[in-house]
Amino acid sequence: MKKPPLILTNVLVFIITGAIAFIGVPVWVINHGIDWAEIGTAIFLFYFTGMSITAGYHRLWSHKTYDANIVVRVILAIGGAMALQNSILHWSSDHRIHHRHVDDNDKDPYSAKRGLWFAHIGWMLREYQEKRYDDYRNCKDLQKDKVVMWQHNYYLPIVLAANFGVTGFLGWLNGDILGMILVAGVLRLVLVHHVTFFINSLAHFWGNQPYTDANTARDNGVLAFFTFGEGYHNYHHIFEYDYRNGIRWYQFDPTKWLIRGLSYVGLTHNLRRVPEERIEKARAAMQLQRASEQVSVLPNAEELMHTIEQEYELLMQRMSDYYAAKKRLMKVKQKSLKRTIEGLELTYKYKELKHAFAVQKEKWLQLQSLSLQAA
Ligand SMILES: [Zn+2]
Ligand SMILES: [Zn+2]
């Protein structure tokens, strides 16, 4: 099949910025040196612009996982433009299609099934989407956001002012305009490009699938470290309306911490989370599926399957009981009835059910590892 024509602007932007970052900057540093102000600014802008994409473009605008104050929205819109990944409106439109038609080679704009290179950068190099380039019907909600439309209409001036104006001005203050533009402007831009592109490429290839194998998305703690927390991509694809990607406190997700932190000072609101019970259910269903597949090839498959199914049923039962009790207890707490007889009884019952659920979960996990060993 004939490939569509190259998009010259994009090809040149990637080649020129890449060459400056990987050849020009090292040569410059060897000849002129680098100072801490330049390194510090580059690191700051790396996080600022990268997280404008993850917290802004991705979790705020594409998925509406929380609401943000206008000041936050303007800052994220500027940071996102500085990351040079097209406007919020365009990016979100592509991304919503990616979720809706994930891995569909004809519809998903960066389908991982077309290979690592395509998902990483190849999709932007040719006119693969010429027909639907300006079709933003899946982002009607975003077209009502003045900040989104302002950024879309003045995208290029904002990009230039933010990338050259800001870094140039800081360089002037520091006594070396070109040095600052090279390090905190171009090198930082290229690094942010590739680490955020990893979310479309590597996060669909490398890692495990604890929640679903219905698509290629993976959870990967190493990748999360380089992608501002977006490495928990398997979770994200099944529960895209959660403002968190790494749901455990120990999972590295600075984007989640930023959104949460801003909520404490009233700058973000309505942070959406998927109820714990649904998350646990998805994980258990995936484990059941894996165990069935592994056991099916064994000589005593039927007998083993029977045990697994029985334990799974019991797990589901214990899980429902526990979460129902938890809900009741929350209600009692809200009404400040915790110290009444009813409240005390409920607390006792809750603890009992929590324990029963934990025991069954432990048993279930042991059964998982046994079937793994047997297979
Ligand atoms: Zn994805
Ligand atoms: Zn997403």
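**Close-up views of a predicted model**

**View 1. Contact between helices α1 and α8 in the predicted model.** From α1, the residues Thr-17, Gly-18, Ile-20, Ala-21, Gly-24, Val-25, Trp-28 and His-32 meet Gly-179, Leu-182, Val-183, Val-186, Leu-187, Leu-189 and Val-190 of α8. By class, this contact of α1 with α8 comprises 10 nonpolar residues, five polar residues and no charged residues.

**View 2. Crossing geometry of α1 and α8.** Helix α1 spans residues 8–32 and helix α8 spans residues 177–200. Their axes come within 9 Å and cross at roughly 145 degrees. The crossing of α1 and α8 is left-handed.

View 3. With neighbours within four places in sequence set aside, Leu-116 is in contact with Ser-201 and Phe-205. Leu-116 is classed as partly exposed because 15 other C-beta atoms lie within 10 Å, a count between the limits of 12 or fewer for exposed and 20 or more for buried. His-90 is 26 residues from Leu-116 along the chain, and the C-alpha atoms of the two residues are separated by 22 Å.

**View 4. Contact between domain 1 and domain 2.** The domain assignment of the protein chain places domain 1 at residues 8–269 and domain 2 at residues 276–374. The centres of the two domains, taken over C-alpha atoms, are separated by 38 Å. Domain 1 contributes seven residues to the contact and domain 2 contributes four residues. On the side of domain 1 that touches domain 2, five residues are nonpolar, one is polar and one is charged.

Technical notes. Residues numbered from 1 in each chain as written. Chains lettered and ligands numbered in written order. Predicted model: local features only at pLDDT ≥ 70, side-chain atom pairs only at ≥ 80, totals over all residues. Contact = placed C-beta atoms within 7 Å. Domains from an automatic or database assignment. Nonpolar A, V, L, I, M, F, W, Y, C, P; charged D, E, K, R; others polar. Axes fitted to C-alpha atoms, helices over the stretch in contact; angles between N-to-C directions. Helix = DSSP H or I, 4+ residues; strand = E, 2+ residues; numbered from the N terminus. Left-handed = near helix turned anticlockwise from the far one by under 90°.
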